[in-house]
Amino acid sequence: MNYTDILTSKFEPETTGTTIMAVIYDGGLIIGADSRTSSGQFVADRCADKIDYVHDRIFCLRSGSAADTQTIAKYVRYYIDAHAQELGRLPAVATAANLFRNFLYEYKDSLSAAIIVAGWDPYKGPQIFTLPLGGSVIEQKWSIGGSGSTFIWGFCDSNYKENMTLQEARAFVLHAVAHAMYRDGSSGGIIRLLNVTKDKIEREFIDYKDVPVK
Amino acid sequence: MSGSMYDLSVATYSQEGRIYQVEYATKAVENSETVIGVKCKDGVILGAEKQKFSRLLEDNTNKRIYNIDLQTGMAICGKLPDGRNILQRAKAESSQYQDMYAIPASAHVLSDRVAQYVHAYTMYSGVRPFGSATFIASYNTFDGYELYMIEPSGNKYAYHACTHGKGRAVCKSEFERRNFKDLTCQEALVYIAKMLILAHEEFKEKKYEYEMTWITDNNGRKHQSVPQDLINNAVQQAEQLIEQDQIGE
C-alpha cells in the first residue's frame, strides 16, 4: 500500500456524513447515532461519539462539518453553563436551542452545520428541536438528520407512534439507525444510544455484531 | 456626619472604611418621596407617593412606577432621572436576556444585573453614584412572586416588604404590625394607602397623588396599575382607619 499517496493527497474536509435520531417517548427521550466520521472516502474515526453533552439533561446531535459543529457545541456548552449557574436551576432545552440557532443563523454563510437539540427540562419535560442549515428552529416529537436519514424517512413515518414505551422507542431508534447505516456509505460503525429521563442519563453502546441490520 | 477630606470622590474611603459619596447618594433617596413594595399572599404591590409641585401638572401621569416587561415592574425612589437611567438599563437587560435565552429574566437575575450596574457607578471618580433606589417586582412560573430593592450602593436584597424615602420609618413600623403574607392584594391595598398617607405627613403642605401597581393571581399575573376606583376606595378606607387609630390614642 502506498502510504505517501494518502498522506500527501488533499484531504477532503472532515464531515459527519451521518445518521442521527431523537425520539420522545412516554417519560423521556431516546437519542441514537452512528459512529462514522469521514474525510471523503477515508473513515477518519470509526467509533466517533456524535452525541455531545451540552448540559446535564441537554444533548446535541451534530451533522455537517465536524469542525463547525464541534466549535459551536463548545461555545453553547460554555454559555449554557454560565447561564445555568446564574439561573440556579436546570436550563430550558429551548434556551440551548436558541443559543445554537443564533450561531447557525448569524453565520449561515460560513457554516455547514445542522443540529438536533434534545433534552429534558423541569418546565416542559422532554423536547426535541431540529435546527437545519439556515438557522430555523422547529420543535418536534421525533427527528432524524444527517445523510443517512434520507434512507429511513419511510421506515420512520410508518413505525413512529405517539407515547411509546421505553422499549418500543429504543427498538425504533436502533432499527432506524441500523437501516440507515446499511444503505448510507457515510454512516456506519457502531450505534450509540442515550436515554434521557428526569432522573438519569443512560448511555448504551451497540457493537457491530449486535447491529440488527447488516 | 462630616466628611472632611474623604468625601470629595466616590473613589476614596474614609479612615473608618466608609465611602461618603455613596452615603450622600443614599441621603438623596432618604429625603425624597416614599415608595413601598409589599409581597402578599397572592401577589406583589408597589406603591409610591408623588408630590405635585405645581398646579399645572397633569394628574395621574408623570409616573414613578414603570414596566420593565409584561410581568416585571420597577418603582423609583429618589431622583427620578437617575432612576429612569437605571430603568433603561433594566429594560435592555431584560429584553436582551429573553432574546438570548428564550425565557423571561427572573427577578433574581434582573436585579443582580441592575445592582451590578448601579454598583459600577460607585467605583470611578469620573462619575457619581445614582441618587435613587429601585424596587423590582416580578412574577415568573418557576420562582413565583419576587420583590427586590437596589440601593445606590449597589446592595440588593430580596424582601417580603421594603420601603425607602422620607416616610420609611412609618412604613416599617406598619410592616411590623401587619402580616402581609396572610392578606390578599385586594385586602392589602387599604394598608398600602394607609402607609402612603401617613408617610405623606413628612411633606404635609404639598399636594400629592398616589400611584399603585400590582402583579396578582387575579390580574393575569401581569404588572399593571391598580384601577383608580380601587385606589380611591383604599384611600377612603385608609383615612377612616387613621382616624380610628388617632381616636384610640
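Trainee: What should I know before I start reading the numbers?
Mentor: This is a predicted model, in which local features need pLDDT of at least 70 and side-chain atom pairs count only at pLDDT 80 or more, while totals for chains, interfaces and linings use all residues. Residues are numbered from 1 along each chain as its sequence is written, chains are lettered from A and ligands numbered from 1 in the order in which they are written, and side-chain values use heavy atoms, with hydrogens and water left out.

Trainee: OK, how many helices and strands are there in chain A?
Mentor: Chain A has five helices and 13 strands, where helices (H or I, at least four residues) and strands (E, at least two) are DSSP runs numbered from the N terminus.

Trainee: What radius of gyration does chain A have?
Mentor: Chain A has 17 Å, which agrees with the value near 17 Å that a compact globule of 214 residues would have; the radius is taken over C-alpha atoms, and the globule rule is 2.2 Å times the number of residues to the power 0.38. Along the principal axes, the C-alpha atoms of chain A fill a box of roughly 55 × 35 × 25 Å.

Trainee: And how much of chain A counts as buried?
Mentor: Of its 214 residues, 50% count as buried, and buried means under 20% relative accessible area, with exposed over 50% and partly exposed in between (1.4 Å probe, protein chains only).

Trainee: Can we look at one helix? Which residues of H5(A) are buried?
Mentor: Among them are A:Phe172, A:Val173, A:Leu174, A:Val177 and A:Met181. Helix H5 of chain A covers residues 166–183 and reaches 26 Å from its first C-alpha to its last, close to the 26 Å expected, a span worked out as 1.5 Å times one less than the number of residues.

Trainee: What do those buried residues of H5(A) pack against?
Mentor: They pack against strands S2 (20–25), S3 (28–33), S12 (191–197) and S13 (201–206), and also against helix H4 (153–159), of chain A.

Trainee: Switching to chain B, how many helices and strands does it have?
Mentor: Chain B has six helices and ten strands. Its radius of gyration is 18 Å, which agrees with the value near 18 Å for a compact globule of 249 residues, and its C-alpha trace spans about 50 × 50 × 40 Å along the principal axes.

Trainee: Where is B:Thr216, and why does it count as buried?
Mentor: B:Thr216 is found in strand S9 (residues 207–216) of chain B, and it counts as buried because its relative accessibility is 2%.

Trainee: Which residues is B:Thr216 in contact with?
Mentor: Leaving aside neighbours within four places in sequence, B:Thr216 is in contact with B:Asp42, B:Gly43, B:Tyr145, B:Cys185 and B:Arg221, where contact means heavy atoms within 4.5 Å.

Trainee: How about B:Thr12, where does that one lie?
Mentor: B:Thr12 lies in the segment before helix H1 (20–30) of chain B, and with a relative accessible area of 29% it is partly exposed. Apart from neighbours within four places in sequence, B:Thr12 is in contact with B:Tyr6, B:Arg18 and B:Ile19.
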